[in-house]
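Here is a set of exercises to work through with the viewer open. Try each task before you read its solution.

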Amino acid sequence: MDNQASPGINTYNDVRFVGSLGTIIIKCKDFRIIQLDIPGMEECLNIASSIEALSTLDSITLMYPFFYRPMFEVIEDGWHSFLPEQEFELYSSATSEWRLSYVNKEFAVCPSYPPIVTVPKSIDDEALRKVATFRHGGRFPVLSYYHKKNGMVIMRSGQPLTGTNGRRCKEDEKLINATLRAGKRGYIIDTRSLNVAQQARAKGGGFEQEAHYPQWRRIHKSIERYHILQESLIKLVEACNDQTHNMDRWLSKLEASNWLTHIKEILTAACLAAQCIDREGASILIHGTEGTDSTLQVTSLAQIILEPRSRTIRGFEALIEREWLQAGHPFQQRCAQSAYCNTKQKWEAPVFLLFLDCVWQILRQFPCSFEFNENFLIMLFEHAYASQFGTFLGNNESERCKLKLQQKTMSLWSWVNQPGELSKFTNPLFEANNLVIWPSVAPQSLPLWEGIFLRWNRSSKYLDEAYEEMVNIIEYNKELQAKVNILRRQLAELETENGMQESP
Amino acid sequence: MQPSDDVSPTPEPQASWTPLLRARRAALKWAQKSVPGVRGVAGCGPSAQKWPGPRDFLACGQVHKRRPRILMREGGTWGRARAAAPEARYRAVGRADTPRAAGTVKWEVRKRTGTCTREGEMWRGTHISRVEQVKLLDRFSTSNKSLTGTLYLTATHLLFIDSHQKETWILHHHIASVEKLALTTSGCPLVIQCKNFRTVHFIVPRERDCHDIYNSLLQLSKQAKYEDLYAFSYNPKQNDSERLQGWQLIDLAEEYKRMGVPNSHWQLSDANRDYKICETYPRELYVPRIASKPIIVGSSKFRSKGRFPVLSYYHQDKEAAICRCSQPLSGFSARCLEDEHLLQAISKANPVNRYMYVMDTRPKLNAMANRAAGKGYENEDNYSNIRFQFVGIENIHVMRSSLQKLLEVNGTKGLSVNDFYSGLESSGWLRHIKAVMDAAIFLAKAITVENASVLVHCSDGWDRTSQVCSLGSLLLDSYYRTIKGFMVLIEKDWISFGHKFSERCGHLDGDPKEVSPVFTQFLECVWHLTEQFPQAFEFSEAFLLQIHEHIHSCQFGNFLGNCQKEREELKLKEKTYSLWPFLLEDQKKYLNPLYSSKSHRFTVLEPNTISFNFKFWRNMYHQFDRTLHPRQSVFNIIMNMNEQNEQLEKDIKDLESKIKQRKNKQTDGILTKELLHSVHPESPTLKTSLCFKEQTLLPVNDALRTIEGSSLADNRYSEYAEEFSKSEPAVVSLEYGVARMTC
């Protein structure tokens with residue numbers, strides 16, 4: 001039990017009494033609903049209040065990861081598995097146009113960035129500091145992905161702070177132009193609609209004016225954020241939990257949740273980004289408002305589409321580390337309550353879950369191109385919301401540093417990357433596919449992720465058994481092939497032996 | 001304009017057919033590369049080395065590929081030699097001609113046009129055979145992506161060969177509708193919708209050509225007489241005894257014996273031996289032993305179309321029966337003692353449980369409305385020991401328009417998620433599927449839980465009744481979940497009991513109000529079951545899709561006609577072939593690799609019918625829209641692996657015996673040069689296994705990874721490599737920096 005992810009409990013517990021029999025309904029962050037019937041009113045109330053107290057802790061440092069003692073031997077410390085320097089190594093052989101910058105070492109330039117970021121070589125730290133003042137949250141454009149095939153890049157940032165009077169920043173223009181090859185043009189993908197982007201100017205934000213960025217073409221691809229996503233999740237989970245719905249009601253609830261619309265939007269934007277890189281041979285800069293939510297969805301999914309490595313287990317872990325944790329997706333704020341919250345949480349939003357769902361959609365369309373299986377994605381979802389590991393605590397690297405997570409808690413990767421655990425998450429069908437994989441984004445091709453949303457509402461016994469059977473067939477195949485090879489070798493040996501005996 | 005008298009074949013090569021030859025060669029080259037046994041790539045289509053036998057047609061998932069007779073006119077002149085081109089290409093590969101077919105084609109079409117009597121005249125103005133520079137639009141692309149190619153009209157198919165020499169074959173019988181849209185700058189758009197849910201959108205450069213094609217297709221796709229259907233000219237090169245054997249493959253008497261009938265409660269009745277009591281029932285009917293002939297006759301007079309209660313399925317363990325009939329002619333108060341007796345006889349035939357269920361599969365309102373027309377439903381007061389139940393499946397008209405709405409929605413370009421789901425909802429399609437499924441579950445439960453016999457009817461007892469009886473039997477009896485068993489089930493509950501296939505599928509030019517996707521719904525219910533119970537079925541989705549293809553293809557005799565009597569009159573067994581032996585011969589392709597026959601857990605299936613279990617069947621309704629499907633098929637890989645495993649097991653045995661042999665020889669110590677020499681060149685295991693390895697690895701790695709799940713039709717396998725590396729449709733297209741979305 002200890003090594004299992006324990007389902008996080010929401011603050012919302014329903015306690016009811018019939019006579020002296022008390023019933024506690026516990027709604028978990030993984031959408032499970034548990035009902036406990038407890039005889040004795042007092043006992044029931046005690047249990048309820050204990051659960052209540054334990055599931056709503058004031059301080060992060062009182063949370064499970066700080067008390068968790070692993071029952072396994074740590075072979076490889078996950079905190080050091082994916083260091084930015086190592087990740088940079090992967091590019092540096094292919095290009096010399098980029099460098100690592102330590103300008104944010106003290107988190108002074110941008111509080112939500114990691115200490116080490118990758119920037120164009122020709123831009124010095126001083127310029128970066130200036131650019132940071134021109135970008136939302138200090139999030140100056142940094143390298144997100146380098147496409148080795150043609151040298152094109154994905155960069156991400158916060159929105160430019162142009163404001164109503166059209167402020168500009170020469171360093172910013174210089175920085176992003178530095179990423180373009182001579183005569184080439186690039187695309188800026190704004191994850192807000194033009195309207196929203198224009199409105200942002202009133203609050204000091206804004207978007208890149210064509211006049212100031214003549215080599216860049218701006219594309220608006222609207223992706224929803226915050227409470228709209230959260231409401232969508234709440235509606236969807238509600239619809240999935242009600243088994244009495246007739247067909248029409250179910251379909252209309254599913255539609256009204258808009259969940260799959262969001263999936264389609266996000267995937268479409270990611271495909272667009274990937275297409276710019278791979279088909280158009282153009283570099284791109286992606287941002288929304290802060291550059292911590294929809295921006296990351298798009299950059300990370302585009303990498304899944306473009307980069308075979310990110311479809312391996314290690315590569316995907318590195319992607320999450322790089323594009324979500326280091327990039328400053330505020331997990332603490334976004335994944336606090338999950339679908340059953342009775343109070344409106346301003347910052348709550350299933351941004352990461354949507355990303356995982358999108359990955360699942362691509363996985364479904366290319367079931368042999370991923371080293372991991374659905375369980376891996378489900379596991380990540382569970383740990384993002386509630387975990388005994390420190391990986392997803394805090395909102396950014398700076399907070400994680402202050403909490404001393406590396407010293408005080410265990411990394412999720414230390415546990416996952418043990419061979420015994422990995423086997424559960426490995427896709428038996430995996431065969432490395434070095435191509436770019438283009439998913440279909442037609443509604444007919446985007447089903448509901450049953451493994452997450454219907455997980456507790458129906459038996460998956462027969463499906464699991466079928467999966468087992470499939471694994472067995474594959475294992476048996478491997479076994480037979482190995483045996484044939486051994487026998488063949490034996491035969492060959494016998495033949496040469498005979499030949500030797502014969503020759504003298 | 002000089003009309004040519006005929007399109008008789010001349011073998012000498014002509015300039016005009018070089019593209020066809022090239023296509024052939026390309027396809028041949030490819031076919032040689034590909035591995036036999038892998039989803040029927042070899043021997044596929046007209047490009048195969050040998051004359052394509054029926055096996056090959058099935059192998060490509062194509063209903064056709066009978067030698068196409070291409071009838072051509074170019075520039076207003078009927079070029080004799082040009083017309084012969086396709087013939088010539090078959091000649092070139094040493095194929096025998098079939099004179100009968102040639103004659104038939106000429107004659108048939110003449111009859112169809114019906115305007116001219118003199119040979120040669122007939123084509124003028126009505127039938128074109130070849131149009132060049134035709135564009136085939138991508139159905140879902142909003143950027144008007146298209147392929148340019150040549151459109152041919154053959155006696156049986158419409159053929160489009162694009163510039164990549166990819167062939168798209170459309171059987172005339174599959175064409176459900178042809179629509180000419182308003183002229184555009186690039187030409188005249190022609191939209192063809194097929195009964196197998198293929199939709200093609202052509203743009204023909206000249207309006208006159210388009211009009212001609214339109215008229216030709218209208219005529220060719222709608223036949224007035226059975227004799228003009230494909231099945232009557234289809235010749236898979238079998239002799240008469242083979243054909244007859246094919247027809248005898250499914251023996252219903254044998255099937256009733258398997259169920260344990262006749263027995264002490266049930267017997268074969270000869271009442272309908274000459275179709276005297278009921279024209280739409282089969283000759284052989286099983287009824288309760290205690291039901292005398294007068295009772296049967298009396299009851300049949302009280303039932304719509306004379307379809308009195310008879311046995312459909314007998315559950316041996318429970319000794320309970322599924323019976324079927326049509327609605328009683330009860331009106332508001334009429335009753336019939338014989339009918340009441342017959343129902344009582346049915347409940348008495350069940351020794352365990354004295355009461356029986358009567359399931360009226362219609363909505364209550366419809367059943368009540370029928371009373372005004374002198375029909376209606378059983379009055380519980382008049383029948384002893386019955387429990388009456390409505391299950392509310394809508395009628396054929398509701399189903400037809402529901403499917404129509406569904407197809408409208410999912411054919412929309414740039415469909416949004418919300419429009420898709422609200423369309424799915426308003427079409428009601430999944431609601432209807434659920435209703436059929438729920439009814440079947442009710443039936444199965446009555447038998448397994450209550451041990452009660454059930455009598456099922458709707459109005460005439462050949463649509464909803466067939467759905468519910470067959471699906472109920474499928475839930476109860478694992479035999480029907482095997483390939484052979486499923487054929488038996490269709491033969492029993494659908495074909496023999498007179499589901500009006502020809503009317504429901506619109507085989508002939510008839511009343512469009514009689515067309516309805518009743519059988520398609522049945523297949524969809526089965527598909528839903530295979531989704532919930534992935535290991536319970538011997539066959540895979542491909543089998544269902546193939547059967548669906550053939551209920552409309554009119555290539556085989558099984559589904560022609562509306563009842564057994566009509567089929568006998570058409571002499572189908574003498575003039576046409578049965579589909580089943582061809583499917584059975586090819587069963588490898590339809591096997592479910594995960595099927596576990598041994599486990600008895602699956603004797604009775606208890607599906608979950610909470611709404612969220614019902615999903616849109618993409619592989620059926622978008623069969624031909626390959627861009628919508630997963631690019632890699634787990635199913636195919638596993639299937640291949642299973643096959644490979646068998647081969648490997650054999651290899652291991654061979655190798656082991658070889659090694660044993662060697663060791664023996666070694667210990668004997670007698671090794672002569674001759675022996676060695678005789679062994680060396682022989683060692684076949686090594687050789688075979690080596691090339692085997694190369695072969696099997698190829699499909700696993702490339703072919704199967706790249707094709708989508710359900711590619712049953714046409715020879716699209718040929719371009720897998722190229723398609724995959726091109727990685728498919730620009731999900732998004734960028735033009736002048738403006739992003740435009742396509743899906």
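Before the helix pairs, one definition: axes are lines fitted to C-alpha atoms, for helices over the stretch in contact, and angles run from 0 to 180 degrees between N-to-C directions. Keep in mind that this is a predicted model.

**Exercise 1. Describe how H15 and H18 of chain B pack, and say which residue classes make the contact.**

Step 1: Find the two helices. H15 covers residues 483-496 of chain B and H18 covers residues 541-553 of chain B.

Step 2: Get the geometry. The angle between H15(B) and H18(B) is about 35°, and their axes are 12 Å apart. The crossing of H15(B) and H18(B) is right-handed.

Step 3: List the residues that meet. From H15(B) come Ile483(B), Phe486(B), Met487(B) and Ile490(B), and from H18(B) come Phe543(B), Leu544(B) and Ile547(B).

Step 4: Sort them by class. The contact of H15(B) with H18(B) has seven nonpolar, no polar and no charged residues.

**Exercise 2. Now take H10 and H13 of chain A: at what angle do they pack, and what class of residue does their contact hold?**

Step 1: H10 spans residues 313-326 of chain A, and H13 spans residues 374-385 of chain A. They pack at about 25°, with axes 12 Å apart.

Step 2: Angles under 35 degrees count as roughly parallel, so H10(A) is roughly parallel to H13(A). Their crossing is right-handed.

Step 3: Go to the side chains. Ile313(A), Phe316(A), Glu317(A) and Ile320(A) of H10(A) meet Phe376(A), Leu377(A) and Leu380(A) of H13(A).

Step 4: The contact of H10(A) with H13(A) divides into six nonpolar, no polar and one charged residue.

**Exercise 3. Work out whether H3 and H4 of chain A are roughly parallel or roughly perpendicular.**

Step 1: H3 is residues 125-134 of chain A and H4 is residues 170-177 of chain A. Their axes come within 8 Å and cross at roughly 110°.

Step 2: The range from 65 to 115 degrees counts as roughly perpendicular, so that is the label for H3(A) against H4(A). H3(A) passes H4(A) in a left-handed crossing.

Step 3: On the H3(A) side, the contact is made by Ala127(A), Leu128(A), Lys130(A), Val131(A) and Phe134(A). On the H4(A) side, Glu171(A), Asp172(A) and Leu175(A) take part.

Step 4: By class, the contact of H3(A) with H4(A) has five nonpolar, no polar and three charged residues.

**Exercise 4. Which residues does Gly331(B) contact beyond its neighbours within four places in sequence?**

Step 1: Start in the loop between strand E11 (320-325) and helix H9 (337-348) of chain B, where Gly331(B) is found.

Step 2: Gly331(B) is in contact with Arg371(B), Gly374(B) and Lys375(B), leaving those neighbours aside.

Step 3: Gly331(B) and Lys375(B) are 44 residues apart along the chain, yet their C-alpha atoms are separated by 4.8 Å.

Step 4: With a relative accessible area of 10%, Gly331(B) is buried.

**Exercise 5. What is the helix content of the "coiled-coil region" in chain B?**

Step 1: The unreviewed UniProt entry puts this annotation on residues 631-665 of chain B.

Step 2: Over residues 631-665 of chain B, the chain is 91% helix and 0% strand, with the end C-alpha atoms 52 Å apart.

Definitions and conventions:
Residues numbered from 1 in each chain as written. Chains lettered and ligands numbered in written order. Predicted model: local features only at pLDDT ≥ 70, side-chain atom pairs only at ≥ 80, totals over all residues. Heavy atoms only, no water. Helix = DSSP H or I, 4+ residues; strand = E, 2+ residues; numbered from the N terminus. Parallel < 35°, antiparallel > 145°, perpendicular 65-115°, else oblique. Left-handed = near helix turned anticlockwise from the far one by under 90°. Contact = heavy atoms within 4.5 Å. Nonpolar A, V, L, I, M, F, W, Y, C, P; charged D, E, K, R; others polar. Buried < 20%, exposed > 50% of the residue type's maximum accessible area, 1.4 Å probe, protein only. UniProt positions renumbered as here; feature names shortened; annotations may be inferred.
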